[in-house]
Amino acid sequence: MTPPIYSIPVGKERLLVSPLQQISALLNQEALKIVTRGLKAEGWEDLNNNDLDAIAALLRETPADPPETCTGGLEPAFLGLIPTRTCNMSCGYCDFGSDRASEKQMPLSMAVDAVDWMAKTVQASGGSHLEIHFFGGEPLVALEVVEAAVHRARMKADELDLDLHLEVSTNGYMDDLTARFVGDHFDAVVVSIDGFEQDHDRNRPKNQRKGSFKRVIKTIEQLADSSTQLCLRCCVTDQSVQKMNEITHWFCDAFQPSVINFETVSANPKSEANQLLPPDPYEFVRNCILSVRIAQGYGIPLVYASAAAGSPRTTFCPVGRDTLIVTPDGRVNECYLMEDDWVSRGMDMAVGEYSSQKELLIDMKAVRRLRDMVKHKPGCGQCFCRWSCAGGCHVKHDVSIFPMQYDDFCIQTRLLTAGLALDEMGLEAVTDDLMDCREKMTSLALNPADLLT
């Protein structure tokens, strides 16, 4: 069976992409016609062209298996713990729910029991890898809960001979002692830092009177000197988009992070009230491509989540991967967003609960429902990013409409995916020509149907 192959306009040429085979090629119109005829004939004659012969051989011989999905019994990608939904900052664009969350913290016993259950589940399934992520709010506001879970996880991993990976997402506003604990005990830390002081403090103040920049920078400096893998996550607005290249140089020079992650602010009532607006998607892509190249010069990967390189995938996030995320009140979901967010979209991400028997009771029917849900993306069927972006956030990005109405998220994803593919082929000049012409960018970004086969 021929795998899905896509053709995207790049000026007068076409970018041929077979995402399941991870093959890309830039062809002129005549070459594309020859390749198309060969595909429709379900066989290839001798093309008498070395380049096209090579492409034909790759398309014939490279395996094109779809991404693996969970089947059978429970196979948790990781255990997520939300120690608290509250936060110690007042970010002007936050729609993560901390301002409408209760101040309830996860009981220490629940965190410990959840870790025990996960370790036992991994061992029983024959696995060797115990992975635990901490989300919020700001998880380190409930430091005692985090400490209890971390120390218990280390004890259980040693006891059961499991490899342990601990990861936390944080705003970085913490004291020196907490930063030292994080650097000493976590394998990976994602810290939000929105660029230079003026932009960061406008976006992410401690409160109405105080900025958070200086404290966050001190935390980053401490973590940079530790053994943890440091990811710097920068949220870009219309006011900071033209500073992305300078920010990249600064991040690389000052902190040498393991990864840099640029994302764009999501428009919501709070961000709009604070005049924190998304950047023009075309300007964001242009600056992101340049920033990726800058970071590469330092040997540091820079990613935009929906255009990140890697194996094909069916889901953008933990949903559909049997992920178990425990909330402060003992519910177990596959999504770390607030329940109100997914309920308002008519979705149910709940898969279980913490029981009085001190274990997680998981509803396998709900797990299988979410496994199936992520496979159905009717709006994405014609898009060449179907197997890389996988439709984005299931809650916040509606891909149920066919044909897909490309929004800014789609535009950014499509342009970045194409530009990075061209760069990877050594065609930076073609990428530059594309990025210098708004008409060419628009033609690619809004191409209504990419599917060739």
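**Close-up views of a predicted model**

**View 1. The lining of the second largest pocket.** By class, 19 nonpolar, 9 polar and 4 charged residues make up the lining of the second largest pocket. Here Ala, Val, Leu, Ile, Met, Phe, Trp, Tyr, Cys and Pro count as nonpolar, Asp, Glu, Lys and Arg as charged, and the others, Gly among them, as polar. Residues are numbered from 1 along each chain as its sequence is written, and side-chain values use heavy atoms, leaving out hydrogens and water.

**View 2. Helix α13 at the pocket.** With 6 residues, α13 gives the most to the lining of the second largest pocket. Helices are DSSP runs (H or I, at least four residues), numbered from the N terminus.

View 3. Look for Asn 203 in helix α6 (residues 197-203). Asn 203 counts as buried because its relative accessibility is 0%, where buried means under 20% relative accessible area (1.4 Å probe, protein chains only). Leaving aside neighbours within four places in sequence, Asn 203 is in contact (heavy atoms within 4.5 Å) with residues including Cys 91, Tyr 93, Asp 194 and Leu 276.

**View 4. Leu 79 and its partners.** Leaving aside neighbours within four places in sequence, Leu 79 is in contact with residues including Ala 114, Met 118, His 133 and Leu 360.

Key: Predicted model: local features only at pLDDT ≥ 70, side-chain atom pairs only at ≥ 80, totals over all residues. Helix = DSSP H or I, 4+ residues; strand = E, 2+ residues; numbered from the N terminus. Buried < 20%, exposed > 50% of the residue type's maximum accessible area, 1.4 Å probe, protein only.
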